[in-house]
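I opened the notebook for this model and jotted down what I looked up. Have a look alongside me.

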Amino acid sequence: NDKEGGSIHMNFRRLAASPLSTWLTGFLAVLLVICVVYAPGEAFKASGEGLTIWWRIVFPALLPFIVLSQMLIASGFAHGLGALLEPFTRRALGLPGSFGWVLPLGMTAGFPAAAEAAVTLHKQGKITAREAERLAATAHFCSPMLLVVVIGAGFLSRPEVGLLLLAVHWMAGIAAGVTLQLVFPDRSKSAVSPPAVKPAAKRRESILRLAVRRMEEARREDVRSFGKLLGDAVASGVQTLMIIGGYMLIFAVVIHVILLAFPNQTMAVAVKNALEVHLGSYALSGLAPSLPPALSASLLGAVLGWSGLCAYLQVRAILGPAGIGERSFLLSRLLHAAYAYVLT
């Protein structure tokens with residue numbers, strides 16, 4: 001297994017370092033610079049719009065939640081909830097049962113937390129590359145605060161719509177994971193075998209006690225004091241939001257360059273939603289007054305399920321160096337978007 005994993009990793013590095021990939025990346029970068037120089041005023045305006053959305057809406061809405069989610073994870077909340085969901089995640093989603101805590105982690109912390117957790121477990125030898133790929137795909141969700149606070153309260157000024165989108169977003173993501181397991185079941189053997197449990201002991205320990213025990217074990221593993229934990233959570237939250245802001249600014253300029261060739265307003269909204277979920281949902285919410293409420297909410301649900309090319313690149317940057325594929329991730333995003341549209 002180690003040799004096979006190393007071979008996959010080396011093949012990925014050769015592909016990433018191939019002359020074709022290098023030339024293509026360089027050509028696209030030069031083309032982007034030429035387009036920015038050709039229309040610097042519009043590029044600056046686009047970048048400024050992305051910065052305004054991030055600084056005025058995204059940053060203040062997401063920072064408190066990211067800090068609290070980091071503290072909840074350190075306290076063992078995700079591990080305890082994962083123990084309660086273990087029978088479902090193992091049978092319906094085909095995920096390693098003992099690592100079902102990654103699902104509530106992704107649902108509460110948002111992307112790319114699940115991908116980072118899957119890579120960490122794979123590097124520790126606890127799950128296979130195939131299991132890590134399926135885990136990252138199934139547990140990929142947008143942050144709840146993005147749906148409720150940023151989109152519902154900030155973009156639409158209707159928090160109840162944000163709550164509806166959140167409920168559908170979770171249901172559609174789980175439905176996509178169940179569909180993947182039914183159509184493409186994972187029959188590979190797990191990287192590690194679960195420890196043998198005596199039947200009598202297994203019967204005596206209820207699922208609730210198991211959840212409490214998992215929470216206590218996770219809390220003992222994290223030896224940080226409350227002050228240290230709070231400081232690390234704030235630093236991590238700010239760093240995460242800085243990365244999100246950087247992606248938003250870059251993709252705002254990329255969208256501007258693409259729209260130089262397609263100036264139509266409908267095409268502009270479609271391109272923004274295909275590339276970046278924050279900018280796309282902001283553009284789509286601007287069209288909400290002119291669309292039927294059911295249609296605008298359904299389109300927002302589909303956009304959030306797809307989550308944009310930007311989110312895919314973030315996840316790929318995490319999974320790729322570990323030799324983990326992303327085919328299941330792309331298929332899951334399409335299913336997630338389709339289910340979210342229909343359910344909404």
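My entries on the fold, the cysteines and a surface patch follow.

**Ground rules.** I am working with a predicted model, where local features need pLDDT of at least 70, side-chain atom pairs count only at pLDDT 80 or more, and totals for chains, interfaces and linings use all residues. Residues are numbered from 1 along each chain as its sequence is written, and side-chain values use heavy atoms, with hydrogens and water left out.

**Fold.** I looked up the secondary structure and found 17 helices and zero strands in the protein chain; these are DSSP runs numbered from the N terminus (helices H or I, at least four residues; strands E, at least two). Taking contacts (heavy atoms within 4.5 Å) between residues at least 6 apart in sequence, I noted that 77% join residues at least 24 apart.

**Burial and surface.** The chain has 344 residues, and 44% of them count as buried (under 20% relative accessible area; exposed is over 50%, partly exposed in between; 1.4 Å probe, protein chains only). I put the accessible surface at about 18000 Å², with 68% belonging to carbon and sulfur atoms (Shrake-Rupley method, 1.4 Å probe; for residues, only the protein chains shown count as cover).

**Cysteines.** How many disulfides are there? I got zero, a disulfide being a pair of cysteine sulfur atoms within 2.5 Å. Cys 142 is buried at 1% relative accessible area, and Cys 310 is buried at 2%.

**Helix α11.** This helix spans residues 207-221, and I found Ile 207 in it. Ile 207 is partly exposed, at 42% relative accessible area.
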